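Have the coordinates open as you read.

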Amino acid sequence: MPKGMTNKEIARIEGFTEVIVKMHMRSICAKLNAKNRTHAAMIARQMSII
């Protein structure tokens, strides 16, 4: 199950900057045609991606 982490938390854990995480989230939302990260998670779950 996905954990609700902030961009800052993801960046710290993965060793990226917060800006990089935001860019990736924008890209993911665009590719899934999602309104936000929560919507992206719902779509990904429906598609069995996560």
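Helices (H or I, at least four residues) and strands (E, at least two) are taken here as DSSP runs, numbered from the N terminus. Axes are lines fitted to C-alpha atoms, for helices over the stretch in contact, and angles run from 0 to 180 degrees between N-to-C directions. The model is a predicted one, in which local features need pLDDT of at least 70 and side-chain atom pairs count only at pLDDT 80 or more, while totals for chains, interfaces and linings use all residues. Residues are numbered from 1 along each chain as its sequence is written, and side-chain values use heavy atoms, with hydrogens and water left out.

Start with the overall picture. The protein chain has 3 helices and 0 strands, giving the pattern α-α-α along the sequence. Its C-alpha atoms fill a box of roughly 30 × 20 × 15 Å along the principal axes.

Now look at helix 1 (residues 7-14), which packs against helix 2 at an angle of about 115 degrees, with the axes 8 Å apart. The two are therefore roughly perpendicular to each other (angles under 35 degrees count as roughly parallel, over 145 as roughly antiparallel, 65 to 115 as roughly perpendicular and the rest as oblique). In contact here, meaning heavy atoms within 4.5 Å, are Asn7, Lys8, Ile10 and Ala11 of helix 1 with Glu18, Val21, Lys22 and Met25 of helix 2. By class, this contact has 4 nonpolar, 1 polar and 3 charged residues (Ala, Val, Leu, Ile, Met, Phe, Trp, Tyr, Cys and Pro count as nonpolar, Asp, Glu, Lys and Arg as charged, and the others, Gly among them, as polar).

Next, follow helix 2 (residues 18-32) to helix 3 (residues 37-46): their axes come within 9 Å and cross at roughly 50 degrees. That makes helix 2 oblique to helix 3. From helix 2, Met25, Ile28, Cys29 and Leu32 meet Arg37, Ala40, Ile43 and Ala44 in helix 3. This contact of helix 2 with helix 3 has 7 nonpolar, no polar and 1 charged residues.
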